[in-house]
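Dear colleague,

Please find below the structure that I am handing over to you. My findings follow it.

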Amino acid sequence: MSNKVKKNALRAGTVTAGTALMLLMSSPAFALTRDDGDDPGPGLNVAQTLGLYVAAPIVIFLIIAGLVILTDKSRKTNSQG
C-alpha cells in the first residue's frame with residue numbers, strides 16, 4: 001500500500017470515528033429526563049406533518065419563484081429596438 005493510500009485511509013477513519021462520536025453524544029438518550037417547565041404539546045398527525053414539512057416549503061418556493069418571474073426586468077423586450 002502506498003503512503004498516499006495509507007494517509008487517505010487514516011483520514012477517512014478519523015472522520016468516521018469523529019462523526020460517530022458526535023452522533024453518539026447528541027443522541028436522544030440524553031433527552032429522556034424532562035427539565036423543569038417542560039410542557040411538550042400534542043404530536044402532529046400525518047396530514048399535519050406532510051403539510052408542515054412538504055407542502056408549506058413547496059408553496060413558499062412557488063410564491064418566491066412567481067414573484068421573481070413577475071418582477072424580472074431582463075425578459076421585457078425593448079420596443080425601441
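The protein chain holds two helices and zero strands, both being DSSP runs numbered from the N terminus (helices H or I, at least four residues; strands E, at least two). This is a predicted model, in which local features need pLDDT of at least 70, side-chain atom pairs count only at pLDDT 80 or more, and totals for chains, interfaces and linings use all residues. Residues are numbered from 1 along each chain as its sequence is written, and side-chain values use heavy atoms, without hydrogens and water.

Of the 81 residues, 0% count as buried, where buried means under 20% relative accessible area, exposed over 50% and partly exposed in between (1.4 Å probe, protein chains only).

Because the number of its residues that are buried is zero, helix 1 lies largely in the open.

Helix 2 (residues 46-70) has 25 residues and reaches 35 Å between its first and last C-alpha, close to the expected 36 Å. N45 caps its N-terminal end, with a side-chain oxygen 3.2 Å from the backbone nitrogen of A47. At A55, shortly before the proline P57, helix 2 has a kink of about 35°, taken as the angle between axes fitted to the seven residues ending there and the seven starting there.

L44 is found in the loop between helix 1 and helix 2.

Kind regards

How values were computed: Expected span 1.5 Å × (residues − 1). Polar contact = N/O pair within 3.5 Å; in protein donor to acceptor, adjacent residues only side chain to side chain.
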